[in-house]
Amino acid sequence: MPLLLLLLALLLPAAPEATPSALLGINYGRVGNNLPPTTSALQLLAGLGVGRVRLYDADPATLRSFANTGVELVVGVPDECLAAVSTPSGASSWVRSVIQPALPATKIAVLTVGNEVLTGANSSALTPSLLPAMQCIHDALVQLGLDKQVAVTTAHNLGVLATSYPPSSAYFRKDVLPVLCPILDFHARTGSPFLVNAYPYFAYAEDPAGVELEYALLEPGHGGVPDPSSGLRYPNMLVAQVDAVYHAIAAANRAAARAVEVRVSETGWPSAGDGNETGATPRNAARYNGNVMRLVGEGKGTPLRPDGALRVYMFALFNENMKPGPLSERNYGLFKPDGTPVYELSYRLPKDNATTSSGAGGTGSIAGSGGGPQNNGYYSISAPSAKANVGWWTCAAVLLMMIAF
């Protein structure tokens with residue numbers, strides 16, 4: 001049996017390898033009881049030409065599956081682990097037992113400590129542990145000489161914004177500023193990015209009469225929307241949301257604003273939804289995700305930061321049948337669990353988004369929560385929950401080690 005598995009692995013197509021110019025990634029959530037093994041996911045990634053993947057936990061079997069593939073990973077520290085890794089001993093035990101063994105065969109570039117902690121249902125319980133966990137994990141990486149290789153950050157819902165329109169007027173909610181300001185200091189000091197989950201879909205679904213569908217779908221033919229204060233014109237809603245975050249960072253911490261890069265850790269469009277979920281159709285999902293690929297493939301920045309290319313992770317690789325909430329939550333995938341495409345996505349990714357090892361390049365084509373105050377619905381400040389299997393074993397391992405010591 002081991003020999004058979006080895007032969008099967010050798011027959012699989014090479015997965016794309018992330019290069020410095022490979023700006024597009026994809027979220028690989030696994031909240032489903034019908035999902036294929038990771039080897040099948042690697043085949044789909046190779047076909048798409050995507051060399052960066054975001055995981056929501058640090059499951060050891062999954063990390064091993066990405067070993068020697070060249071795929072660059074963003075690995076999640078689940079919310080349930082925050083308390084355990086918010087102390088130096090807990091963080092050191094977690095990094096040594098979970099992350100260090102996977103390196104260097106598995107290419108781990110970023111650790112995301114929690115997901116949407118400041119705006120989630122358990123924010124009051126988790127928020128006190130967020131920054132200590134980030135600091136302790138970073139310190140543990142420093143002790144092992146891995147801090148230059150692996151960055152530490154967290155992913156935020158756009159609900160951390162009090163207002164986002166126009167982008168130049170955006171600022172963070174006052175209740176999250178006491179936590180966000182030192183987090184911004186952490187990013188500036190360590191060089192890690194500020195991650196945001198941004199979904200123009202929600203702006204359109206909440207106000208289809210007031211939001212132009214073409215603007216929310218990032219259609220290149222749209223004339224754009226001006227920011228009357230800055231004079232900048234925004235060709236689509238996604239870059240407007242990113243620049244709103246940049247402006248909020250500058251309003252909260254001007255020193256950090258000069259050093260911190262904003263990246264989109266999630267964005268997507270559902271292909272199906274409940275009767276009241278306007279716009280959740282296969283055609284709109286295909287248009288949005290194809291336009292995201294096109295936008296990132298152009299290598300351009302935002303109107304406010306034109307010199308820095310926009311980095312984006314699309315949500316998601318598969319439809320996940322066990323996600324709670326409305327029907328749309330289970331229909332963000334590019335693929336069905338059996339590996340067939342949910343819709344035709346014809347945009348072709350540039351070769352440099354794919355691989356440097358085989359030189360083949362990917363085709364990049366497929367055939368076939370609530371916001372905070374002052375949300376006017378134009379730039380939505382809500383995003384879907386993106387929890388994946390939380391890897392309870394990793395938390396348990398840390399606790400057992402702490403007890404042993």
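The questions and answers below concern a predicted model.

Q: In what order do the eight strands close into a barrel?
A: The order is β1-β2-β3-β4-β5-β8-β11-β12, and the pairing is parallel. On average, neighbouring strands of this sheet are turned by 25° against each other, direction ignored. Helix α11 (residues 282-297) packs on the sheet and touches β1, β11 (262-267) and β12 (312-315). The direction of α11 makes about 165° with that of β12.

Q: Which residues of β1 point one way, and which the other way?
A: Leu24 and Ile26 point one way from β1, while Gly25 and Asn27 point the other way. All of these residues are buried.

Q: Why is α4 called oblique to α5?
A: The axes of helix α4 (residues 88-99) and helix α5 (residues 123-143) cross at roughly 60° and come within 8 Å. That angle makes α4 oblique to α5, because angles under 35 degrees count as roughly parallel, over 145 as roughly antiparallel, 65 to 115 as roughly perpendicular and the rest as oblique. The crossing in which α4 passes α5 is right-handed.

Q: Which residues make the contact of α4 and α5?
A: From α4 the contact is made by Pro88, Ala91, Ser92, Val95 and Arg96, and from α5 by Cys136, Ile137, Ala140, Leu141 and Gln143. By class, these residues divide into seven nonpolar, two polar and one charged.

Q: Why are α5 and α6 called roughly parallel?
A: Helix α6 (residues 177-190) packs with α5 at an angle of about 15°, and their axes are 10 Å apart. Angles under 35 degrees count as roughly parallel, and α5 and α6 are therefore described in this way. The crossing of α5 and α6 is left-handed.

Q: Which residues make the contact of α5 and α6?
A: The residues of α5 are Thr127, Leu130, Leu131, Met134, Gln135 and His138, and those of α6 are Val179, Pro182, Ile183, Phe186, His187, Arg189 and Thr190. This contact has seven nonpolar, five polar and one charged residues.

Q: Which residues of helix α2 are buried, and what do they pack against?
A: In helix α2 (residues 38-48), the buried residues are Thr38, Ala41, Leu42, Leu44, Leu45, Ala46 and Leu48. They pack against β1, β2 and α3 (60-65). Just after α2, Gly49 has a positive phi of about 80°.

Q: Why is Glu116 called buried?
A: A residue is buried under 20% relative accessible area. The value for Glu116 is 8%, and Glu116 is therefore buried. Glu116 is found in the loop between β4 and α5. Phi of Glu116 is near 55°, a positive value in a residue other than glycine.

Q: How do you know that Leu218 is buried?
A: The cut-off is again under 20% relative accessible area. Leu218 has a relative accessible area of 1%, and is therefore buried. Leu218 lies in the loop between α8 (213-216) and β9 (225-226). Although Leu218 is not a glycine, its phi is positive, at about 65°.

Terms used: Residues numbered from 1 in each chain as written. Predicted model: local features only at pLDDT ≥ 70, side-chain atom pairs only at ≥ 80, totals over all residues. Heavy atoms only, no water. Pairing = 2+ DSSP bridges. Helix = DSSP H or I, 4+ residues; strand = E, 2+ residues; numbered from the N terminus. Axes fitted to C-alpha atoms, helices over the stretch in contact; angles between N-to-C directions. Contact = heavy atoms within 4.5 Å. Left-handed = near helix turned anticlockwise from the far one by under 90°. Nonpolar A, V, L, I, M, F, W, Y, C, P; charged D, E, K, R; others polar. Buried < 20%, exposed > 50% of the residue type's maximum accessible area, 1.4 Å probe, protein only.
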